Amino acid sequence: MSQPSGGPLIVQSDKTLLLEVDHPLAKAARAAIAPFAELERSPEHVHTYRLTPLGLWNARAAGHDAEQVVDALVRYSRYAVPHALLVDVAETMARYGRLQLAKDPAHGLVLISLDRAVLEEVLRQKKIAPMLGERIDSDTVVVHPSERGRLKQALLRVGWPAEDLAGYVDGEAHPIELREDAWALREYQHQAVEQFWAGGSGVVVLPCGAGKTLVGAAAMAQARATTLILVTNTVAGRQWKRELLARTSLTEEEIGEYSGERKQIRPVTIATYQIMTTRRGGEYRHLELFDSRDWGLIIYDEVHLLPAPIFRLTADLQSRRRLGLTATLIREDGREGDVFSLIGPKRYDAPWKDIENQGWIAPAECTEVRVTLTDAERMTYATAEPDDRYRVAATARTKLPVISAIVRRHPDDQILIIGAYLDQLDDIAAHLGDVPIVQGSTTNRERERLYDAFRAGEQRVLVVSKVANFSIDLPEAAVAIQISGTFGSRQEEAQRLGRVLRPKHDGRQAHFYTVVARDTLDADYAAHRQRFLAEQGYAYTIVDADDLLGPELPEFPAEDDNA
């Protein structure tokens with residue numbers, strides 16, 4: 001294999017890949033490595049990717065082989081690719097599929113080995129052996145049908161991910177058609193549905209505002225079967241229902257809501273994660289919903305938030321087609337491997353900036369405003385218990401006039417003020433003149449009333465808690481002001497920016513502010529939260545709060561650039 005020179009990629013022996021963004025072949029190289037390399041950092045000029053076993057196995061499960069990976073690395077590399085790395089890539093990818101799950105006409109679900117030594121190795125694993133039944137022959141062993149998912153989890157953890165060829169049941173048929181006379185799938189949405197369906201199960205990753213719900217609707221039309229949709233909250237569920245009524249042939253009577261308020265089971269049923277994980281007497285009371293119909297498709301909205309009980313239950317649903325939808329596969333608990341083994345591999349992923357460049361999401365300016373605490377606040381922070389310090393810094397009252405200044409700076413925009421602490425939200429709402437608050441205790445009816453008023457422009461500013469992080473469609477929101485967060489959660493940062501990425505009717509730019517207390521954990525956590533968005537190409541301009549508090553609110557002078 002010839003080794004070209006002058007390419008945009010530097011492949012290093014520590015399994016990092018450095019991509020020179022301004023190189024003429026950078027776009028082609030990025031497309032070639034995206035299926036198997038995980039983007040870690042993307043400042044202005046050089047983006048850093050990393051090769052991991054999970055990323056390589058994910059690519060293998062999605063139909064890419066080691067030869068394609070090696071070819072991409074060699075073709076675009078500026079220097080000779082370390083031979084040991086190429087060997088490691090090939091050997092890592094070769095581990096996937098040496099064990100296969102399949103259907104046997106006589107024995108049902110079986111585990112087949114293409115490498116007998118691997119089968120002997122896993123049979124001696126204490127956590128795996130109980131999931132298996134009788135040995136049929138030297139290379140085949142029976143699998144208890146209920147253990148299909150858990151076995152895949154366990155095999156992934158010991159480094160032998162199984163290829164699942166056991167197929168899917170069709171489920172109960174139900175006619176669903178897209179109303180394509182009124183709208184059409186965008187090209188990337190069409191590709192996402194095609195790649196999901198070809199693989200049978202898996203995850204579609206699209207930025208907030210790029211139409212993940214429409215991908216779900218198109219997958220339902222492809223399946224033409226009863227569908228269970230799991231969502232983060234009741235308001236998100238009702239948004240799904242509105243979209244399905246508008247975009248498909250489904251009627252009110254065909255769509256059920258299964259939540260704390262209603263218990264409807266219909267051909268298409270939308271349930272909240274919260275109701276599914278409600279416990280009474282130590283038991284999950286509503287898990288029978290999964291067995292209440294012969295579902296042909298299960299959709300997991302915001303799959304990166306999947307609660308542990310739903311993971312466990314999903315292990316029992318391996319014969320059903322499963323579609324996960326998310327803006328980011330980052331899980332702060334590190335359970336990306338469970339998403340891979342139980343939902344399926346990443347079938348489609350579109351970089352945020354690519355979708356922005358196509359005009360489907362709004363361009364966004366990200367600004368971090370740094371506040372200096374008063375002497376009294378600094379002393380309170382210094383003497384607080386370690387577990388309380390982040391809250392003390394994040395909720396400092398010094399932030400209040402800064403938030404007011406930002407609101408005044410955007411007199412014609414719809415503004416969301418987002419925080420994690422309810423006392424702080426109350427203070428801000430009062431400081432701004434009794435602005436309404438949407439929080440956990442707000443009834444669904446009141447939430448929908450406030451959201452409708454916001455959409456109609458009757459309410460220009462809303463203060464929202466983390467209940468508004470996910471699946472809330474407020475396309476008119478042009479400014480988000482983040483005042484406190486869930487420590488260093490990267491996924492939360494991405495979702496909060498996503499609240500303002502719906503394209504604006506006049507093409508306006510979106511603005512995302514995060515207000516932090518300098519020299520505290522608040523600033524440290526903010527830096528960590530920003531990592532995912534930096535990886536997507538968003539740069540944060542850092543400004544000092546004092547520059548906002550002058551009488552004429554001058555233009556922001558860039559003090560630093562944290563890409």
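Q: At 3% relative accessibility, does Glu302 count as buried or exposed?
A: This is a predicted model, in which local features need pLDDT of at least 70 and side-chain atom pairs count only at pLDDT 80 or more, while totals for chains, interfaces and linings use all residues. Residues are numbered from 1 along each chain as its sequence is written, and side-chain values use heavy atoms, with hydrogens and water left out. Relative accessible area (1.4 Å probe, protein chains only) is called buried under 20%, exposed over 50% and partly exposed in between. Because its relative accessibility is 3%, Glu302 counts as buried.

Q: What is the phi of Glu302, which is not a glycine?
A: Glu302 is found in the loop between E16 and H11; such helices (H or I, at least four residues) and strands (E, at least two) are DSSP runs, numbered from the N terminus. Although Glu302 is not a glycine, its phi is positive, at about 50 degrees.

Q: Which class of accessibility does Lys15 fall into?
A: Lys15 lies in the loop between strand E1 (9–11) and strand E2 (16–20). Its phi is positive too, at about 75 degrees, although Lys15 is not a glycine. Because its relative accessibility is 31%, Lys15 counts as partly exposed.

Q: How many of the eight residues of helix H12 are buried?
A: Helix H12 covers residues 336–343. Its buried residues are Gly337, Asp338, Val339, Phe340, Ser341, Leu342 and Ile343.

Q: Which residue of E13 is the bridge partner of Leu228?
A: Strand E11 (residues 227–231) and E13 run parallel and are joined by five bridges. In E13, the partner of Leu228 is Thr269.

Q: What is the volume of the largest cavity?
A: On a 1 Å grid over the protein atoms alone, a cavity is a set of points where a 1.4 Å probe fits but cannot get out, and lining residues have an atom within 4 Å of a point. Points are joined across faces, edges and corners, and a volume is the space filled by probe spheres set on them. The largest cavity is lined by 13 residues, of which Thr234, Gly237, Arg238, Glu257 and Ile270 lie nearest its centre. Its volume is about 60 Å³.

Q: Which elements give two or more residues to the lining of the second largest cavity?
A: The second largest cavity has a volume of about 50 Å³. Its lining includes Thr395, Leu400, Ile403, Gln424 and Ile428. The elements in question are helix H16 (399–409) and helix H17 (422–431).

Q: Which residues is Val158 in contact with, leaving aside its neighbours within four places in sequence?
A: Val158 is found in the loop between H6 and strand E9 (163–164). Because its relative accessibility is 27%, Val158 counts as partly exposed. Its contacts are Arg95, Gln125 and Ile128.

Methods: Contact means heavy atoms within 4.5 Å. On a 1 Å grid over the protein atoms alone, a cavity is a set of points where a 1.4 Å probe fits but cannot get out, and a pocket is an open set with protein on both sides within 12 Å along at least five of seven lines; lining residues have an atom within 4 Å of a point. Two strands pair if DSSP finds at least two bridges between them.
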